[in-house]
Structure formats: structure tokens, C-alpha cells
Amino acid sequence: MNKEIKKKQIIILGSTGSIGTQALQVIEEHPELYEVYALTANNKVDLLIAQARKFQPEAVVIANEEKYEQLKEALSDLPVKVYAGSEALCQIVESGPVDIVLTAMVGYAGLKPTINAIRARKAIALANKETLVVAGELINELAQQYRTPILPVDSEHSAVFQCLAGEVGNPIEKVILTASGGPFRTYTLEQLQTVTKAQALKHPNWEMGAKITIDSASMMNKGFEVIEAKWLFGVQPSQIEVVVHPQSVIHSMVQFEDGAVKAQLGMPDMRLPIQYAFSYPDRVYSSFDRLDFAKCTNLTFEQPDTKCFRNLALAYEAMYRGGNMPCIVNAANEMVVAAFLRDEISFLAMSDVIEKTMGCVSFVQVPTYDDYVATDAEARRIATELIVNCKL
């Protein structure tokens with residue numbers, strides 16, 4: 001144990017978001033194991049400045065170029081390189097000493113930097129689920145070509161990943177993803193018609209950013225996780241099941257061909273899957289809260305309601321159809337969530353717009369990267385038009 005351990009150099013894409021800030025807590029708890037190489041943010045320049053001053057990375061990148069001067073001025077007394085723009089974001093991940101790139105950016109914007117990091121043979125700690133939703137086939141091909149490990153950070157996929165440890169060669173019969181059900185789990189369709197942004201942003205179990213919290217309330221988040229599981233674990237759509245588990249103690253399960261089911265349990269704390277991705281294949285000590293079975297006496301399970309929460313059904317449909325259909329769903333969803341957060345569209349109308357967009361955008365069965373870019377742009381344009389015409 002006394003041997004010198006080389007610190008893993010980590011880039012956090014999206015360091016000012018929920019996952020990014022928790023990843024920094026993990027790094028702070030283990031300064032002997034991990035070091036921040038670079039931090040990036042989209043808009044939150046003040047928090048990025050505070051993080052840079054605390055962790056003293058080699059470099060920081062702000063995607064919004066208008067904030068560059070403010071960032072550069074604030075860090076002028078430190079030996080930290082300062083960059084701005086989406087291209088700088090894509091280039092920083094290729095830096096020589098980097099061991100792990102944590103992709104914690106929100107949405108489609110995470111795709112290109114992830115592709116660049118894979119090509120630079122950096123291990124990917126994947127928290128940006130949209131990357132695999134949009135271009136799962138392309139990402140898998142690149143990861144195999146460049147022999148780049150993709151380590152899941154989503155709590156559900158980390159749980160499956162942990163259940164599969166030591167099971168090499170044992171066929172999976174079924175992946176069972178658990179869902180909290182979100183804040184509206186017991187609501188009727190009538191009740192869902194009038195839910196507000198404030199209600200949707202109150203998740204019962206997890207502390208997350210606004211986009212993923214709305215996705216969780218609409219169950220689109222679970223739909224994306226289903227698509228992600230297909231690519232991460234090489235299973236067919238029919239082998240992925242969603243079970244609503246309101247307590248969020250079992251994070252997901254794997255059923256094997258002999259009928260045995262393995263589950264990963266723990267407190268609803270994203271720092272655990274983040275740390276596991278950083279330390280894999282080892283487990284290292286953490287000070288996180290432990291599961292107390294004296295208090296955890298009631299674990300329940302129920303079937304998801306896809307009539308009330310149509311987004312889950314739409315995600316399954318997109319996965320079965322394949323091609324660029326998941327990319328269409330993701331783009332439309334990003335637009336409707338932004339509109340809902342601006343009070344421009346009702347909760348249930350989000351599903352209507354996504355479904356209509358799926359029927360309007362050009363379908364490509366075997367898409368290239370350029371097809372994904374074109375699909376994303378077309379789907380956003382069509383979804384925006386549908387939102388404008390949508391009556392609340």
C-alpha cells in the first residue's frame with residue numbers, strides 16, 4: 001500500500017452542473033488518487049472561476065465566448081490556461097496527460113467532445129446520456145476501434161455495470177432499470193394536464209439539474225436510459241425492462257439465463273457511481289452515507305404507466321426503429337423541455353410535440369455523423385414550429 005500511486009488526471013466537461021460539482025467532491029475526498037486537469041462550463045462563469053481557484057487545473061474552458069474576458073481576468077494571477085468556445089472544448093479532451101474525461105455536459109452538446117476524447121484514447125466516464133441516445137452505434141464503433149473504455153456514471157447503468165462485474169461470458173437474460181417514478185408517479189392524466197414547472201422541478205429522491213429533473217418527471221430520462229442500456233450492454237430492446245421503485249434504493253438489476261437476479265443497492269447519491277467510474281476496477285473508501293436497513297424496511301415495485309407518461313413509450317419506439325430516430329427524439333425533447341421551463345408549453349404537450357416531430361423529420365436507417373448533425377438541426381426546427389403552434 002506504500003507504493004507511489006500515479007494520480008489520475010481528470011477532465012470534467014460540465015464542472016458547474018450537478019454531476020460536475022459532485023465529481024469535484026469525489027476528487028477532493030481523494031487528492032492522493034485524482035487530480036483535476038481541466039474544467040469546462042457553458043455559462044456559469046462565476047462558479048467556474050471559484051472551482052479553478054480551488055482546484056488549480058491546467059486549463060479551463062468556457063463554451064460561451066462572451067464570458068472569456070471575465071474568466072481570463074479573474075484567473076490572471078494563476079498559471080491556468082483559459083480558453084473559450086465549443087472548438088476549444090473539443091480540443092481540450094485530447095490533451096496528452098489526461099486519463100479520464102467525465103462527460104457531464106447536458107444534451108447534444110456532449111456528442112462531439114466525447115467523440116474527440118474517444119479518438120484520443122481517453123477513458124470516458126459517461127454521464128451525458130444523450131451521447132449514446134443520439135449516436136450509440138457510432139460511439140460503440142469508435143470505442144471498439146480505439147479500444148477506449150466507456151464507464152457508465154448514470155446510477156442505473158453503473159448499477160448494471162457493477163452487477164456484471166465477474167460475470168464475463170454469462171449471458172444476460174434481462175436488464176431491469178429501476179425508476180423512482182418522479183414527482184407525478186400517482187397522478188392521473190387529468191391531474192397531469194395542469195402540473196407546473198415548480199412542481200416538476202421537485203424530485204422526491206435526487207438532487208439534479210433542471211433539464212434532467214424535468215426529464216425524470218416526464219419519464220423521458222428513463223426512456224433515454226433504456227436506449228443507453230442497449231448500447232452499453234449489448235442487449236436487444238426486448239431485454240430491457242423498466243420497473244418503478246419509488247424508494248430509489250435498488251439502482252438497477254440484471255437477470256441471468258439461470259433466473260438469478262443481481263441488484264446493486266445504495267443510498268441515492270450520485271457520488272458513488274462517479275467514484276466507481278474513477279476508481280474502476282478498484283473500490284476505494286468513501287465517507288458517503290451508508291444504507292441503514294433498520295430504516296429501509298419497505299421496498300416496493302410497480303409497472304410504469306405509459307399512458308400517462310408517453311415519453312417512455314416513445315423512447316422504446318425510437319429504439320426499436322433505430323437509425324436516427326433516437327436522435328430526433330432527443331432534439332425534440334431538448335426543445336420541449338426548454339419551452340416548458342419558459343412556461344411556453346404544457347407538461348403533456350411535450351409528448352405531443354415529440355411524437356409529431358418523430359413523424360416529420362427525414363428518417364435515416366444507417367446514419368453517419370453528418371446525418372446526426374443534420375437530423376438534430378431539422379428536428380429542432382420542426383419541434384420549435386410545433387411548440388409555437390401548440391396551445392398550452
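**Side-chain contacts**

Tutor: Glu 130, Lys 211 and Asp 215 are linked in a network of salt bridges, a salt bridge being a side-chain nitrogen of Lys or Arg within 4 Å of a carboxyl oxygen of Asp or Glu. The model is a predicted one, in which local features need pLDDT of at least 70 and side-chain atom pairs count only at pLDDT 80 or more, while totals for chains, interfaces and linings use all residues. Residues are numbered from 1 along each chain as its sequence is written, and side-chain values use heavy atoms, with hydrogens and water left out.

By the salt-bridge rule, the count comes to 23. One of them joins the side chains of Glu 156 and Lys 222, with an N to O distance of 2.9 Å. This pair links distant parts of the chain, since Glu 156 is in helix H7 and Lys 222 in helix H11 (residues 220–233), 66 residues apart; helices here are DSSP runs of H or I with at least four residues, numbered from the N terminus. Glu 156 has a relative accessible area of 10% and is therefore buried, and Lys 222, at 6%, also counts as buried, where buried means under 20% relative accessible area, exposed over 50% and partly exposed in between, with a 1.4 Å probe and protein chains only.

A further salt bridge is formed by Asp 352 and Arg 310, at 2.8 Å from N to O. Asp 352 lies in helix H15 (residues 349–360) and Arg 310 in helix H13, so this pair ties together parts that are 42 residues apart in sequence. Both partners are partly exposed, Asp 352 with a relative accessible area of 31% and Arg 310 with 25%. In the salt bridge between Lys 295 and Asp 292, the N to O distance is 4.0 Å; here Lys 295 is exposed at 72%, whereas Asp 292 is partly exposed at 33%.

Asp 376, in helix H16 (residues 369–389), is buried, with a relative accessible area of 6%. Its side chain makes a polar contact of 2.8 Å with that of Arg 380, a polar contact being a pair of N or O atoms within 3.5 Å, of which, within protein, one must be able to donate a hydrogen and the other to accept it, residues adjacent in sequence counting only if both atoms are side-chain atoms. Leaving aside residues up to four places away in sequence, Asp 376 touches Tyr 108, Cys 327 and Ala 331, contact meaning heavy atoms within 4.5 Å.

Turning to the aromatic rings, those of Phe, Tyr and Trp (its six-membered ring) pair if their centres lie within 6.5 Å, and planes under 30 degrees apart count as stacked, over 60 as edge-to-face and the rest as tilted. This rule gives 7 aromatic pairs. In one of them, Phe 161 and Tyr 276 have their ring centres 6.2 Å apart and their planes at 70 degrees, so the pair is edge-to-face. Because Phe 161 lies in helix H7 (residues 155–164) and Tyr 276 in helix H12 (residues 271–279), the pair ties together parts that are 115 residues apart in sequence. Phe 161 counts as buried at 17% relative accessibility, and Tyr 276 is buried at 7%. Phe 161 also pairs with Tyr 280, with centres 4.9 Å apart and planes at 45 degrees, so this pair is tilted. Tyr 280 sits in the loop between H12 and helix H13 (310–321), 119 residues from Phe 161, and counts as partly exposed at 35% relative accessibility.

Elsewhere, ring pairs link Phe 184, Tyr 187, Phe 340 and Phe 347 into a cluster. The contacts of Phe 347, not counting residues up to four places away in sequence, are with Phe 184, Leu 192, Val 195, Ala 217, Ser 218 and Phe 340.

Key. Helices (H or I, at least four residues) and strands (E, at least two) are DSSP runs, numbered from the N terminus.
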